[in-house]
Amino acid sequence: MSFFPRLHEFNTQLNSVVCVGIDPHLRLLEDFLKQELVVHGERKFLQLFSSAHIRAAAGLVSSVKIQSSFFESLGTFGLSALKDSIAMAKSFGLFVILDAKRGDIASTMAAYGESSFDQLEADCLTITPYMGTDVIAALLPWIKKGKGIYIVWHTSNANDQDLQNGLLWDGRKVYEALFEHITAYAKKENIEPCIGWVLGATRIETIRTHFLPKLKGSSFLLPGVGAQGASIDDDMRTFLHDAGIHALLPVSRGLSFGIENKNLKNWDEYEGLIRIRLRNVIKMINK
């Protein structure tokens, strides 16, 4: 079975569309986490941080989204920790989305496929599509074996509209043309259940108003809650539970940062705090 039908089946079983983001942003650490980094050093801290989030996620959500940049920036031991984190998440029965946003010519994308799917063994990879369908074509050997890809489409960052909302000669916006072009290619290659779209959570209302009829049956990853300005409100809930689409809501910094952890004594207590926060987010979405 293709990746997204399996993911959505798991979400249905758990009654949760939340995905736990693992973003070990060392410059943002507070209180307990900052102290643990000093005590253990970067290498051990990555292992402890990832483990706490994976254990907190198990049984509550279907998947984790691991931001590869925070691991890659620490060199060889960071990459080793990334591989170990993916292996651990999978051992707990979680799907792993590798958030690396790869996008290049076909030969380079094939190498990224080997790295992401063969070496790291992720289940799904985020990609940028602005070098055309070659970016997807090079990944077909893995896609047709059940791996998934999320295509960066319409994002939440402040300057996304400079390009993504730009008008083409025929009056369509860039994001509209991109969706139609990639969707046509996916249909031709018979991989429609294997692709999803990264849609910034702050852009949901625009998409619902102007583009929703074309989205039926599509899968979405919706980053942007919290740090990027989106909140879980009625509009968000409506989109998440729309019968015609499948959505996954990653929560990263909202679990890891800005939480009261001054009095935590150990990683078990930190894991418990993450799990409480995660349950609260799930309840907020499902109410």
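Modeller: Happy to! Let's begin with a pair of side chains: those of Ser-85 and Ser-50 make a polar contact, at 3.0 Å. Please keep in mind that this is a predicted model. To place the pair, look for helix α4, residues 76–91, where Ser-85 is found. Ser-85 is buried, because its relative accessible area is 4% and buried means under 20%.

For a contrast, go to helix α5, which covers residues 106–119 and includes Ala-106. Ala-106 has a relative accessible area of 34% and is partly exposed. With residues up to four places away in sequence again set aside, Ala-106 touches Asp-134 and Ala-138. Thr-133 is 27 residues from Ala-106 along the chain, and the C-alpha atoms of the two are separated by 9.0 Å.

Helix α1 takes in twelve residues, 3–14, and at 1.5 Å a residue it should span 16 Å; its end C-alpha atoms are 17 Å apart, which agrees. Its buried residues are Phe-3, Phe-4, Leu-7, His-8 and Asn-11. They cover an arc of only 120° around the axis, so they lie on the same side of α1. Thr-12 and Gln-13, on the other side, are exposed. After α1 comes Asn-15, with a positive phi near 55°.

Definitions and conventions. Residues are numbered from 1 along each chain as its sequence is written. This is a predicted model: local features need pLDDT of at least 70, side-chain atom pairs count only at pLDDT 80 or more; totals for chains, interfaces and linings use all residues. Side-chain values use heavy atoms; hydrogens and water are left out. Helices (H or I, at least four residues) and strands (E, at least two) are DSSP runs, numbered from the N terminus. The expected span of a helix is 1.5 Å times one less than its number of residues. Buried means under 20% relative accessible area, exposed over 50%, partly exposed in between (1.4 Å probe, protein chains only). The arc is that of the directions from the helix axis to the C-beta atoms. A polar contact is a pair of N or O atoms within 3.5 Å; within protein, one must be able to donate a hydrogen and the other to accept it, and residues adjacent in sequence count only if both atoms are side-chain atoms. Contact means heavy atoms within 4.5 Å.
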